[in-house]
Amino acid sequence: MKKAIVFVDANNWYHNVKNFFFEPGKVDITKVANLLCAAKGYELSQIRWYASTPSIDDGEEAYYKHMSFLEHLEKKGIKVITRKLQRLSNKETAEKRKHTIDNLDLCQHCRPIVESVFLDVANLKKKEKGIDVWVATDIIKYSVIESKCDVCILISGDADFVPALELVKSRKKEILSAMVPFGYSSELRSKFPFFILRKETLVKCLRDYKEAKEQKEI
C-alpha cells in the first residue's frame, strides 16, 4: 500500500471552508485525511498542518483560542508548523485590496459599492511569512529528497503550489489535491488528480458527527 503524507495549507483551508460552509474548526482534519486516503487506497503516514499564528497584541481571546486549537491538533498526533503573521505596509494593503476586488469580476455599478465597504477588512492588513514556501519545500523534501512517502496529498486550493507539485510528479511520485469548491484553483485541478470536498462530505468529517449520529439512532 502506498504511503501518503497530508500537507495542510491551514490559512487557505480556513478561509475557503469558512466562506463555503461553516466554522472550519468544527471539521476534524484527521477525518478528512483518512477519508481521502481510504478513497484512494493509500496508507496515511502523517498529517502536517502549516499555519500562521496571530499576535497576542491583536487580542488575547483570539490568540489563546488559536493556540488552544493548535495544541488540540498536536494531541491528535498532527505535526503543527507555525510562522507569525506580519503586518502589510500601506502599499501592500492597497495592492492586496485591489487584487482581491479585481478577482471578484464586478460590474461597473457593483464595484464602487464593494470598494466602499471593503476598506477595513482586517485580514488584508496581515500576511503570512513563508508558509507557502515552507509547505512547498517540505513536499519536495519528504517525497523526493528523503522519500518518506509515495503520495503527497495537498489540502489547499492555491495554484502557487503547482511548480513544486510538478517537480514531485516528475520524480514519479503521486499527487492529490483536495479542497472545497470555493477557492479551488482550476490550474491545480487541470494538472493533478483532485478531490472536491462537498458539504455532505464535510458533514461526515465534523468532530461530533459520530456522536450525533449515535444519539439519533438511540
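Predicted model: local features only at pLDDT ≥ 70, side-chain atom pairs only at ≥ 80, totals over all residues.
Now the overall layout. The protein has ten helices and seven strands. Of its 218 residues, 37% are buried. Take the contacts with a separation of 6 or more: residues 24 or more positions apart account for 70% of them.

Let's go to strand β5, residues 151-155. Five of its five residues are buried, so β5 is largely enclosed by the rest of the structure. Look at its two faces. V151, I153 and I155 are on one side, C152 and L154 on the other, and all are buried. Both faces are covered.

Who are the partners of β5? Strand β1, residues 3-9, pairs with β5 in the parallel sense over five bridges. Within that pairing, V6 has I153 as its bridge partner. Strand β6, residues 174-179, is also joined to β5, by five bridges, and these two run parallel. Here C152 has I175 as its bridge partner. To get from β5 to β6, the chain passes through helix α7, residues 162-170. That β-α-β crossover is right-handed.

Next, the aromatics. The count comes to four aromatic pairs. One of them is F7 with Y50, and that pair is stacked: 6.5 Å centre to centre, 20 degrees between the planes. Is F7 buried or exposed? Buried, because its relative accessible area is 0%. Y50 is also at 0% relative accessibility, so it counts as buried.

A second pair is Y184 with F194. Their ring centres are 6.3 Å apart and the planes stand at 90 degrees, so this one is edge-to-face. Y184 lies in the loop between β6 and α8, and F194 in strand β7, so the pair ties together parts ten residues apart in sequence. Y184 counts as buried, at 5% relative accessibility. F194 counts as partly exposed, at 38%.

Elsewhere, K199 lies over the face of F20, at 5.5 Å from the ring centre.

Last stop: D138, in helix α6, residues 131-145. At 6% relative accessibility, D138 counts as buried. Which residues does D138 contact, leaving aside neighbours within four places in sequence? F7, R48 and Y50.

Key
Residues numbered from 1 in each chain as written. Heavy atoms only, no water. Helix = DSSP H or I, 4+ residues; strand = E, 2+ residues; numbered from the N terminus. Buried < 20%, exposed > 50% of the residue type's maximum accessible area, 1.4 Å probe, protein only. Contact = heavy atoms within 4.5 Å. Pairing = 2+ DSSP bridges. Right-handed = clockwise from strand over helix to strand, strands pointing away. Phe/Tyr/Trp six-rings, centres within 6.5 Å; stacked < 30°, edge-to-face > 60°. Lys NZ or Arg CZ within 6 Å of the ring centre and 35° of its normal.
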